[in-house]
Amino acid sequence: MHLEIDSLYKTYPGDVRALVDVSLNIGPGMFGLLGPNGAGKSTLMRSIATLQIPDSGTIRFGVTNVLDQPAEVRKILGYLPQEFGLYPNLSAEVTLNHFTTLKGITDRAERKQVVESLLMKTNLWDSRKKAVGGFSGGMKQRLGIAIALAGNPKLLIVDEPTAGLDPTERHRFQNLLAELGQDIVVILSTHIVEDVQELCNEMAIIDKGQVVLHGDPRSVLDEARGRIWRKRIPRDQMTAYSEAHSIISTRLSGGQPLIHIWTDLDPGDGFEQVEPALEDVYFHRVSAGKSGPLE
Ligand code: ADP
């Protein structure tokens, strides 16, 4: 089944244009929606999840018109929002039991089996009796995914799931996402480029409410190949370099700025060509129109 988003617009009071003519066609597998904070990702996720109505445009999932038939969508939807509340005194097992009941699994034996399999899948089996109030950020996110998976969704939306997790927890969460069925549509919204690079077979970059790139990560990288050059420069020459080149990113390496530039021609001047990373493409796209390279 495909999710087809066509010409979506959303403007918040104060003329905040959160979505501007957003169109995307998303097939089964893991789709990464990448964009900086404030780009419009959550607005788009909430619209797909039937929690908010855009000003105009259409969303279809298979034959279902998402905006006109929200009840139909909710039956097949799993949604892990950026923030969600849990009852701190309940255990993971009781919490999941509660949500699977809400999802309509009324048969006790069946529910027990579903809860057990979700606890195993999300690696929470050993902690199933513990109160979730004492869970780490990563454990809470994994429980969130278990809840989102409870109704066996065909469309799963996860909004910024790894933000705030430490590297070990992030890795574990990525592995969990990677194991999700390739036959369902999974949309992963994130501002963390590596999450998309590692997990997604399709991706889009959204900036200031607009889709600025859509494709599979491999072709996206192919487009950048041969165009990314780097050089370590003295700190006081930053301004001169940013005037002379299209700098896409700057990071400190050994206390000195290491710049990446995007150019079709060999820039000479001691620049070294590097294999592109998705981060290079991302910064190239989202930094366009900004005034300075360090922003
Ligand atoms: P992201 O998830 O990419 O960070 P959001 O969709 O949350 O982006 O926000 C897009 C823009 O819309 C931002 O400028 C944000 O401040 C604004 N925005 C989001 N929600 C509201 C709201 N309820 N009212 C007004 N402005 C909002």
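How far from an oxygen atom of the ligand is an N or O atom in the side chain of T43? In this predicted model, the separation between the T43 side-chain atom and the ligand oxygen is 2.5 Å. Backbone atoms also take part. A backbone N or O atom of S42 lies 2.8 Å from a ligand oxygen. For G40, a polar backbone atom is 3.0 Å from an oxygen atom of the ligand. The protein covers 61% of the accessible area of the ligand, which is 560 Å² for the ligand on its own.

Two elements, β2 (16–26) and α1 (41–48), each give two or more residues to the shell around the ligand. The largest share comes from α1, with four residues. The surrounding residues include Y12, V16 and A18. The run P36, N37, G38, A39, G40, K41, S42 and T43 also belongs to these surroundings, as does R46. By class, five residues of the shell are nonpolar, five are polar and two are charged.

The packing of two helices was also examined. Two packed helices are described by the angle between their axes and the distance between those axes. Helix α3 spans residues 92–102, and helix α4 spans residues 108–121. The two pack at an angle of about 125 degrees. Their axes are 10 Å apart. Angles of 65 to 115 degrees count as roughly perpendicular and those over 145 as roughly antiparallel, so α3 is oblique to α4. The crossing of α3 and α4 is right-handed.

Technical notes:
Residues are numbered from 1 along each chain as its sequence is written. This is a predicted model: local features need pLDDT of at least 70, side-chain atom pairs count only at pLDDT 80 or more; totals for chains, interfaces and linings use all residues. Side-chain values use heavy atoms; hydrogens and water are left out. A residue is near a molecule or strand if one of its heavy atoms lies within 4 Å of it. A polar contact is a pair of N or O atoms within 3.5 Å; within protein, one must be able to donate a hydrogen and the other to accept it, and residues adjacent in sequence count only if both atoms are side-chain atoms. Accessible areas come from the Shrake-Rupley method with a 1.4 Å probe; for residues, only the protein chains shown count as cover. Ala, Val, Leu, Ile, Met, Phe, Trp, Tyr, Cys and Pro count as nonpolar, Asp, Glu, Lys and Arg as charged, and the others, Gly among them, as polar. Axes are lines fitted to C-alpha atoms, for helices over the stretch in contact, and angles run from 0 to 180 degrees between N-to-C directions. Angles under 35 degrees count as roughly parallel, over 145 as roughly antiparallel, 65 to 115 as roughly perpendicular and the rest as oblique. A crossing is left-handed if the near helix is turned anticlockwise from the far one by less than a right angle, and right-handed if clockwise.
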